[in-house]
Amino acid sequence: MSAVRFLTGITTSGTPHLGNYVGSIRPAVAASLRPGVESYYFLADYHALIKIDEPARIQRSTLEIAASWLAAGLDPERVVFYRQSDVPEIPELTWFLTCVTGKGVLNRAHAYKASVDKNLAADLDPDAEVTAGLFMYPVLMGADILMFNAHHVPVGRDQIQHIEMARDMAHSFNHRYGEHFVPPLAAIEESVATLPGLDGRKMSKSYDNTIPLFAPRPELKKLIAGIKTDSRAPGEAKSTEGSALFQIYQAFASAEETAAFAQDFANGIAWGEAKDRLFERIDREIAPMRARYEWLMTHPQEVEAMLHAGAAKARAVATPFMARLRQAVGLRSLGTTSASGPAKAAKVAAASFKQYREKDGQFYFKLVDAKGTLLLQSLGFASPKEAGVAIAQIKQDGLAALDALRGQLAEGHANPDALQAALDSMASEQA
Ligand code: TRP
């Protein structure tokens, strides 16, 4: 049927580093270029508020991350690239999901539990300094994913639990209100899921051991020179096992290059030489992107415009979907339905599009419900085919299509809830 949807976000709380690139940005961009794939990539700035209360840092990081993804080859024409906070349906959906998520499930979330454990170890109140935002983090993330019914979510291993929670939320909601959500799956790049940092632990801003993705060449060289190694002298055989240097190299090199590098280790390459080789290998991949990054960083308005266009695409999906979810949970216009669910279903089930020709020779369509009430009226089309295309567009995109078709529809059609209910009923009749 429709394309496979990938979706992923980066929290706008820092400067992208090589670990983000290898673990998230690069595989995401590669996936977005595959045919038959629909990709959603976004800047998780609501998530950033959980960790950061410095407005300027949030803004700076949002620009840096947007510029990094674009520089790494993300094509905003081809994918949906947006900023989370430009889509107000996401916090709205967060509330819906909050109401179907067990509190006990959230008690077990790793990020929250880690804070609690730290407090307990320090003899503090378990929830000392823990905000409700941190506690709710997985629900906001669930809303990010379910809003667009993503099938696959490329993330690091530390995020797998969150994807599983999103699956549970999808099931809980579907169980109560009918099949609305696709339960998502985590997509992990097995070979390069995590990159070690300067000190050998996972590269992460929280360990302060990162190499910024677009550090200028001299800085990149200096940082790589600081990667921790053992004290083996030049000429002594070196172990690739547990070597951060080797693992980072592997993440950038082909299988043949990696095998040759392993041979050099066995032959006793000097650490200084190994670091130069790593530097040149990374810079070969990064340098062209760095130029684009630097241009974007000095043209923030261009980035802003791309994000606005992306948000419009995202909302073309989110707005009608959210309208459907509101219907489903019972947040409905009081005038459109009888009190009992099934009676209403039967009534709207017979809604249908009628196509016809008028005396003016033009082709028209209208949408009427069972009782013959007019819900939507088109203006004249030159051919039946054009009228058919407009109908198909409405069937596919729902209310979002109405805006696009504005010049071709008569003013003053029925209220959005009634229209949406009629479209839903036709869709479920077809299914
Ligand atoms: N929590 C993710 C991280 O810190 C970022 C994120 C927010 C995300 N929402 C998401 C990732 C939805 C994937 C899907 O890395």
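1. I would start with helix 10, whose buried residues are Ala244, Leu245, Phe246, Ile248, Tyr249, Ala251 and Phe252. Here buried means under 20% relative accessible area, exposed over 50%, and partly exposed in between (1.4 Å probe, protein chains only). Because 7 of the 9 residues of helix 10 (residues 244-252) are buried, this helix is largely enclosed by the rest of the structure. The cover over these buried residues includes helix 1 (18-33), helix 11 (255-266) and helix 12. Helices (H or I, at least four residues) and strands (E, at least two) are DSSP runs, numbered from the N terminus.

2. A word on the basis of these notes. This is a predicted model, in which local features need pLDDT of at least 70 and side-chain atom pairs count only at pLDDT 80 or more, while totals for chains, interfaces and linings use all residues. Residues are numbered from 1 along each chain as its sequence is written, and side-chain values use heavy atoms, with hydrogens and water left out.

3. On confidence, the protein chain has an average pLDDT of 91, and 94% of the residues score at least 70; pLDDT is the predictor's confidence in each residue, from 0 to 100. The stretch to treat with care is residues 340-348, where the pLDDT is below 50 and the model shows 12 contacts beyond near neighbours in sequence. Contact means heavy atoms within 4.5 Å. Where pLDDT is low, the predicted coordinates should not be read in detail.

4. Now the overall layout. The protein chain contains 17 helices and 8 strands, and its C-alpha trace spans about 90 × 55 × 35 Å along the principal axes. Of its 431 residues, 46% count as buried. Among contacts between residues at least 6 apart in sequence, 70% join residues at least 24 apart. The domain assignment gives domain 1 (4-194 + 299-326), domain 2 (214-297) and domain 3 (350-430), with bounds that come from an automatic or database assignment. Taken over C-alpha atoms, the centres of domain 2 and domain 3 are separated by 60 Å.

5. The largest nonpolar core has 56 residues, and those with the most contacts inside it are Tyr21, Tyr41, Trp69, Phe81, Ile227, Phe252 and Ile282. Its largest share, 10 residues, comes from helix 12 (residues 271-297). Both domain 1 (4-194 + 299-326) and domain 2 (214-297) supply at least three residues each to this core. A second, separate core of 43 residues includes Leu106, Val130, Phe135 and Ala143. A nonpolar core here is a set of buried Ala, Val, Leu, Ile, Met, Phe, Trp, Tyr and Cys residues joined through side-chain atoms within 4.5 Å.

6. Tyr41 deserves a look of its own. Leaving aside residues up to four places away in sequence, Tyr41 touches Phe6, Thr8, Ala28, Ala31, Ser32, Trp69, Leu74, Val79, Val80, Phe81 and Tyr82.

7. The aromatic pairs number 19 in this structure. Rings of Phe, Tyr and Trp (its six-membered ring) pair if their centres lie within 6.5 Å; planes under 30 degrees apart count as stacked, over 60 as edge-to-face and the rest as tilted. The Phe265 and Trp271 rings are edge-to-face, because their centres are 5.5 Å apart and their planes stand at 85°. Phe265 is buried at a relative accessible area of 0%, and Trp271 is buried at 10%. Ring pairs join Phe246, Tyr249, Phe261, Phe265 and Trp271 into a cluster.

8. The charged end of Lys238 sits over the ring of Trp271, 5.6 Å from its centre, and Arg201 lies over the face of Tyr207, at 4.0 Å from the ring centre. The criterion is NZ of Lys or CZ of Arg within 6 Å of the ring centre and within 35 degrees of the ring normal.

9. Please also check two backbone angles. Asn149, in the loop between helix 7 (132-146) and strand 4 (152-154), has a positive phi near 45° without being a glycine; at 12% relative accessibility, Asn149 counts as buried. Asp208, in the loop between strand 5 (185-187) and helix 9 (217-225), has a positive phi of about 55°, and is not a glycine either. At 71% relative accessibility, Asp208 counts as exposed.

10. Lastly, Pro76 lies in the loop between helix 3 (55-71) and strand 3 (80-83) and is partly exposed at 23% relative accessibility. Not counting residues up to four places away in sequence, Pro76 touches Leu70, Met306 and Lys313.
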